[in-house]
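Trainee: I would like to learn how to read a chain interface and a few local features. Can we work through one case together?

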Amino acid sequence: MTDDLADIVGLMRAFDENRLSAQDFVEQYSDLWNALAREQDDAIARNPDVARALSELRDKHNFAEITDAAYSERVQQQYALLEGLRLRPGTDRSRTLSHVFVEADAYREDAEAGGIHATADELHEEVRKGLEALEAS
Amino acid sequence: MKQSLQSARSRPSTREAAAPSDARELKPGWQPDVRAWKASDVHRMQRTLGNHAVNQLLAAASHGVIQRKPADIDKTWSISFDATGKMTNVGGVRAVLKRATVVNAQMRDGWVKPNEQLTGGHLFKREYGGPDDETNVVPWKQQTEDNFTVFEDDYELAANTAAQAAAKSALPFTATVKTKAQFVDRPDLKVTDDELDTAGWPAVDAERKKRQDQYADVAEHFSGIPIKAEVDVTGLSSAKHFEASKADIGPDYVRNDDAIKPAYVVPRRFLRNAKLSRDFVKVPDWKPQKSTERGKLGHVASRHGDQFGVAKSNQLNNLKLLETKLEVLVNTGEQILGVYRKIDVVHYVDHATKLWLCTEPGGALTAAFMLTQDQYDSLTTTGHVTG
């Protein structure tokens, strides 16, 4: 792991160690995640060649003119060209943090376990798995 | 929901459903869909073809013998340049639903194996006016599509060179493109009653007929994967030829016999450009502060309202505005059947903005925000916003 993600990883650890409530974690994580996502969008906007290539690939993919596998491989090639990013799209780290965001967004205080929304216990479980995945990446 | 999905897939296309308005229009290769015939159609064919022929057709159809493979492709196209060397072909219009999309979904569902996805290849370029339909688009491997793109670039360069040379003498130029593809029926992908018995289906089970119909649908769609495709370009300084063999086009797709069994469960739901009704449950009564629907809207507003162009507030007018914007997304976004937190949902995404929402199958809002790059890629390749 790099220091670039120290804030968001530190927040996950704080929640994992019960130093933060679920509600506080969700709010702070969303802010940090949105900042990382904006950086990704900005990096693409700064590179018109990549932006154009991604747009063309998505267009082709949406009209079934390219397979899922070929699309995934080629967008990765474009993401590799981006600069000035703390979190590069298409990487395991990016996918891990994205998954935690979706789980955090699904958190509801009154959720039922196994339902469409996440309970605090389920969120804890996903954050723990996320930390393990980040350590391994 | 599963029933709706299957019926949407098995619904005959307009082309297939249409019976000829006059029996004299019957042509070799025409494949009837008796489900769409009206009595008047049958009577007209009886008059023209005779009772015996029509009885044979009806009996064959009732036993599931008739296949509806596409007619073989044998077309001639032109690439034309005016006397100034400018191409005069007009590009075709894109269509969304393609055979490759359907067969890929059937592979993902596990009805056949291997799950080696195909892409739709235009034998005559859409940019030159090649239609986006089954007279011009064939499913084939991505590698073959890539090889064909190299071939297209090659003949396009040769045509441009020839057109510029002709323009020096103020002459127009035309190259001819011949496209061919052959198809075969795939009755081997169907499931017989005996096979269903062997697989353990009880004689009376509502799902039994659905499984048989599912495989009839698979057989029909996979018969649209050609066994050979060729393109010849003439009129250039040297003729150009491209040929894709059966092995170039796709692997030998076979029935997945495990999927015939009653216990088979489709591994993961994923269908792009779904055609289900676009249901969206709106707040029935704005007065109760703690209604479920209002609570979900409030969550989206307070967390992601700015992404949808509304304030991040739970004020009534703001929530009403957000609800309107989400409803627009439901009505205009691509509908994708997929999964959210291991639960089947209906996704809606706007490709230009990456704005997304998902609902439960009944239309109740589940979540909504602007997707990141990874989430967008994951949704459009797996049906899940986080893969």
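Trainee: How many residue pairs are in polar contact between chain B and chain A?

Mentor: Start with the count of pairs. This is a predicted model, and between chain B and chain A there are 25 residue pairs in polar contact, both partners at pLDDT 80 or more.

Trainee: Which elements of chain B give two or more residues to the side that touches chain A?

Mentor: The helices of chain B are α5 (99-108), α6 (142-167), α10 (292-304) and α12 (373-382). The strands are β3 (119-122), β9 (334-340), β10 (343-349) and β12 (365-370) of chain B. The largest share, seven residues, comes from α12(B).

Trainee: What is the make-up of that side of chain B?

Mentor: Sort by residue class. The side of chain B that touches chain A has 18 polar, 15 charged and 11 nonpolar residues.

Trainee: What area is buried between chain B and chain A?

Mentor: Take area and residue counts together. About 3,600 Å² is buried between the two chains, and carbon and sulfur atoms give 45% of that. B:Arg94, B:Arg341 and B:Gln373 supply 20% of the area that chain B buries against chain A, more than any other three residues. The contact takes 46 residues from chain A and 44 residues from chain B.

Trainee: Now a strand. Which residues of β7(B) are on the covered face, and which on the uncovered one?

Mentor: In a regular strand, side chains alternate between the two faces of the sheet. In β7 (residues 240-244) of chain B, the covered face holds B:Lys240, B:Phe242 and B:Ala244. B:His241 and B:Glu243 form the uncovered face.

Trainee: How many bridges join β6(B) to β7(B)?

Mentor: Check direction as well as count. β6 (residues 228-234) of chain B runs antiparallel to β7(B), with five bridges joining them. B:Ala229 has B:Ala244 as its bridge partner in β7(B). The hairpin has five residues between the strands, and there B:Gly235 takes a positive phi near 95°.

Trainee: Last one. Why is A:Thr96 classed as buried?

Mentor: Compare its relative accessible area with the cut-off. The value for A:Thr96 is 14%, and buried means under 20%. A:Thr96 lies in helix α5 (residues 92-106) of chain A. Leaving out residues up to four places away in sequence, A:Thr96 touches A:Gly130, A:Ala133 and A:Leu134.

Terms used: Residues are numbered from 1 along each chain as its sequence is written. Chains are lettered from A and ligands numbered from 1 in the order in which they are written. This is a predicted model: local features need pLDDT of at least 70, side-chain atom pairs count only at pLDDT 80 or more; totals for chains, interfaces and linings use all residues. Side-chain values use heavy atoms; hydrogens and water are left out. Contact means heavy atoms within 4.5 Å. Buried area is the accessible area (1.4 Å probe) that two parts lose on being put together, summed over both. A polar contact is a pair of N or O atoms within 3.5 Å; within protein, one must be able to donate a hydrogen and the other to accept it, and residues adjacent in sequence count only if both atoms are side-chain atoms. Helices (H or I, at least four residues) and strands (E, at least two) are DSSP runs, numbered from the N terminus. Ala, Val, Leu, Ile, Met, Phe, Trp, Tyr, Cys and Pro count as nonpolar, Asp, Glu, Lys and Arg as charged, and the others, Gly among them, as polar. Buried means under 20% relative accessible area, exposed over 50%, partly exposed in between (1.4 Å probe, protein chains only). Two strands pair if DSSP finds at least two bridges between them.
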